[in-house]
Amino acid sequence: MKRFLCTAANKAQAVRGTKNTDIIRGEIEQMPDQMDRPSWDAYFMGIALLVAKRSTCLRRSVGAVIVKDKRILATGYNGAPSGIEHCSVTGCLRERLKVPSGERHELCRGIHAEQNAIIQAAYHGVSIKDAVLYCTNLPCSICAKMIINAGITRIYFQSGYADSMSSEMFEAADMDVVHLILPLE
């Protein structure tokens with residue numbers, strides 16, 4: 001796994017890192033004539049943050065956007081499956097059982113944002129091979145397996161997640177994983 005740290009202004013140097021790069025810090029290129037225009041990565045992460053607002057999970061709001069050639073292929077947010085009552089109605093099973101974050105994923109009524117985005121692409125017959133995933137959180141190990149097998153080549157995330165196995169899987173798959181930190185507005 002090539003892991004990079006990107007701040008609002010350091011994308012250009014980070015994505016050119018070598019295979020052995022852990023973290024690269026640098027400056028993001030801004031277009032001189034349009035200083036207020038976000039980079040593509042900031043744009044898509046901003047959309048992932050907006051998608052997360054649709055979440056029905058009581059613990060964490062997560063959004064995911066799958067992109068290829070600067071085009072959005074699918075989006076997803078975490079929550080109960082279609083047609084099933086939301087946790088806001090039924091209550092959180094994980095809270096009731098006191099399940100820590102990042103453990104026992106099967107003890108949840110909801111589906112993760114990354115899973116929803118992959119399912120939406122499949123449902124509509126859209127190939128996501130060689131696409132990029134923008135996600136508000138680092139994917140869990142279950143999502144990591146799906147992302148790897150779906151052919152996604154790079155992940156941008158904003159916040160971490162308490163599941164070390166996913167990082168190990170991304171490293172074994174030689175996946176580009178970029179920690180993208182957007183500026184405060």
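Q: Why is tryptophan 40 called partly exposed?
A: Its relative accessibility is 39%. Buried means under 20% relative accessible area, exposed over 50%, and partly exposed in between (1.4 Å probe, protein chains only). The value for tryptophan 40 lies in between, and the residue therefore counts as partly exposed. This is a predicted model, in which local features need pLDDT of at least 70 and side-chain atom pairs count only at pLDDT 80 or more, while totals for chains, interfaces and linings use all residues. Residues are numbered from 1 along each chain as its sequence is written, and side-chain values use heavy atoms, with hydrogens and water left out.

Q: What makes phenylalanine 44 a buried residue?
A: Phenylalanine 44 has 2% relative accessibility, which is under the 20% limit, and therefore counts as buried.

Q: Why is the aromatic pair of tryptophan 40 and phenylalanine 44 called stacked?
A: A pair of aromatic rings is described by the distance of the centres and the angle of the planes. Rings of Phe, Tyr and Trp (its six-membered ring) pair if their centres lie within 6.5 Å; planes under 30 degrees apart count as stacked, over 60 as edge-to-face and the rest as tilted. For tryptophan 40 and phenylalanine 44 the values are 5.7 Å centre to centre and 20° between the planes, so the rings pair and are stacked. The structure holds 5 aromatic pairs, and ring pairs link Trp40, Tyr43, Phe44, Tyr134 and Tyr156 into a cluster.

Q: How are tryptophan 40 and phenylalanine 44 placed along helix α2?
A: They are 4 residues apart in α2 (residues 40-52), which means a separation of about one helical turn. Helices (H or I, at least four residues) and strands (E, at least two) are DSSP runs, numbered from the N terminus. The chain has 7 helices and 6 strands.

Q: How do you know whether threonine 56 is buried or exposed?
A: Threonine 56, in the loop between α2 and β2 (63-68), has 18% relative accessibility; this is under 20%, so the residue counts as buried. Contact means heavy atoms within 4.5 Å. Not counting residues up to four places away in sequence, threonine 56 touches Asn78, Gly79, Ala80, His86, Cys87 and Ser88.

Q: Why are the buried residues of α6 said to line one face of the helix?
A: The buried residues of α6 (residues 141-150) are Ser141, Cys143, Ala144 and Ile147. Seen down the axis of α6, they fall within an arc of 150° (taken from the directions from the helix axis to the C-beta atoms), so they line one face. These residues pack against α5 (113-123), β4 (132-137), β5 (154-159) and α7 (164-172).

Q: What makes serine 141 buried, and which residues does it contact?
A: With 7% relative accessibility, serine 141 is under the limit of 20% and therefore counts as buried. Leaving aside neighbours within four places in sequence, serine 141 is in contact with His105, Asp163, Met165, Ser166 and Met169.

Q: Why are α6 and α7 called roughly parallel?
A: The two helices pack at an angle of about 20°, with their axes 8 Å apart. Axes are lines fitted to C-alpha atoms, for helices over the stretch in contact, and angles run from 0 to 180 degrees between N-to-C directions. Angles under 35 degrees count as roughly parallel, over 145 as roughly antiparallel, 65 to 115 as roughly perpendicular and the rest as oblique. The angle of about 20° is under 35 degrees, and α6 and α7 are therefore roughly parallel to each other.
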